[in-house]
Amino acid sequence: MVVPDLPASGETPGSRAETRSPSSAVVALLAALVALLAITTVGFGGAVVWLTATAPGAIAATTTAARPTHAVPSSTPTPTATTALPPVPLQQVQGIDVGVVSTFELGEVVMARSAPGEISVLHALITNPLDAAASPTFDVTSYDADGRIVSRHVSVLYLLPHQETLFRGFLSGDLTRVDRVLIEQIGPASEEPTAAAGALSLTALAGDGGSRATATISSTLDTEAKLAEVFLVGTVDGDIVVVGNAVTDIPAGASFTVDIPVYLATRGDPQQYAAGVPADADYEVYFELVEPR
């Protein structure tokens, strides 16, 4: 997916509720910080990602698994067999066909893959096309080669008008059994009250010697957002390769700092980045607010 441009002439940062690209100086800083990204497994465990850099204080090797946080899924599989996916374009994600059915725009799908018995996570940038805040619900179902359901989970998002943020869909069970996945919007999205207006922009990124990045972010939100989720997304040539997320309070019209665990999430084999992420990788921040009640 194309990285959003910096604000155009005459456009204020708060005129769209979406994130902006960091300045070229910030991109250069991030490239200097991230010199190596590798992935392995520990015991049965899930993917372990670490970053190292030559600069002091950059993210160093760790043996602690960086796990996706927040939004723990619940599974409601059924034995009903489905012989074929709907006639929708399919993406190949780590050897699995993935189809998307939605009135919302979802970009390239990537996966943070875990060991059998653990939760794997699908990610994609999603854009709300509506002039109102919306809360779409998605059914994420995986099937084996015979069309039988391997797992089914539900993902619900809250998006501001025309906001772009990160979608997450959950997969459980043995992924070696999975032949295809369908991400399907369930019914029309309900229109919701708008929690805030504004944007976030990444201004600095540093490491704590482990797998947690420390991001300094500028907020132009017009209202403080409690318990919001902040996402860090790293791309190479427009392809997502690194994802992180954390829950925090976002201030109104001020800068803040948040620690974010990071992990590999790729479309192809994540081992292609075992020797390192290219120095010209781009990083952006996105967010999801708590739906007002």
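This report describes the fold, the nonpolar cores and selected side-chain pairs of a predicted model.

**Overall architecture**

The protein chain contains one helix and 19 strands. Of its 293 residues, 51% count as buried. Among contacts in the protein chain with a separation of 6 or more, 66% are accounted for by residues 24 or more positions apart. The accessible surface of the chain amounts to about 12,200 Å², and carbon and sulfur atoms contribute 56% of that area.

**Nonpolar cores**

The largest nonpolar core comprises 31 residues, and those with the most contacts inside it are Leu-200, Ile-217, Leu-232, Ile-250 and Leu-289. At least two residues of this core come from each of β14 (200–207), β15 (212–219), β16 (225–236), β17 (239–250), β18 and β19 (282–288). Leaving aside residues up to four places away in sequence, Leu-289 touches Tyr-158, Leu-160, Ala-195, Ala-196, Leu-221, Ala-225, Ala-228 and Ile-250. Another core, of 23 residues, lies apart from the largest one and includes Phe-104, Ala-134, Ile-183 and Ala-189.

Strand β18 spans residues 255–264, and Leu-264 is placed in it. Leu-264 counts as buried because its relative accessibility is 3%, below the 20% limit for that class. The C-alpha atoms of Leu-264 and Val-241 are separated by 5.8 Å, although the two residues are 23 residues apart along the chain.

**Aromatic pair**

The count of aromatic pairs comes to one. Phe-138 and Phe-167 form this pair in an edge-to-face arrangement, with 5.1 Å centre to centre and 70° between the planes. The pair links distant parts of the chain, since Phe-138 belongs to strand β9 (residues 137–143) and Phe-167 to strand β11 (residues 164–171), 29 residues apart. Both Phe-138 and Phe-167 are buried.

**Salt bridges**

Side chains of opposite charge can pair when their charged atoms come close. The whole structure holds seven salt bridges, including those tabulated here.

| Arg-152 | Asp-139 | 3.4 Å |

Arg-152 and Asp-139 meet in a salt bridge. Arg-152 lies in strand β10 (residues 149–156) and Asp-139 in strand β9, so this pair ties together parts that are 13 residues apart in sequence. Both Arg-152 and Asp-139 are buried.

A network of salt bridges links Glu-224, Lys-226 and Asp-249.

Definitions and conventions
Residues are numbered from 1 along each chain as its sequence is written. This is a predicted model: local features need pLDDT of at least 70, side-chain atom pairs count only at pLDDT 80 or more; totals for chains, interfaces and linings use all residues. Side-chain values use heavy atoms; hydrogens and water are left out. Helices (H or I, at least four residues) and strands (E, at least two) are DSSP runs, numbered from the N terminus. Buried means under 20% relative accessible area, exposed over 50%, partly exposed in between (1.4 Å probe, protein chains only). Rings of Phe, Tyr and Trp (its six-membered ring) pair if their centres lie within 6.5 Å; planes under 30 degrees apart count as stacked, over 60 as edge-to-face and the rest as tilted. Contact means heavy atoms within 4.5 Å. Accessible areas come from the Shrake-Rupley method with a 1.4 Å probe; for residues, only the protein chains shown count as cover. A nonpolar core is a set of buried Ala, Val, Leu, Ile, Met, Phe, Trp, Tyr and Cys residues joined through side-chain atoms within 4.5 Å. A salt bridge is a side-chain nitrogen of Lys or Arg within 4 Å of a carboxyl oxygen of Asp or Glu.
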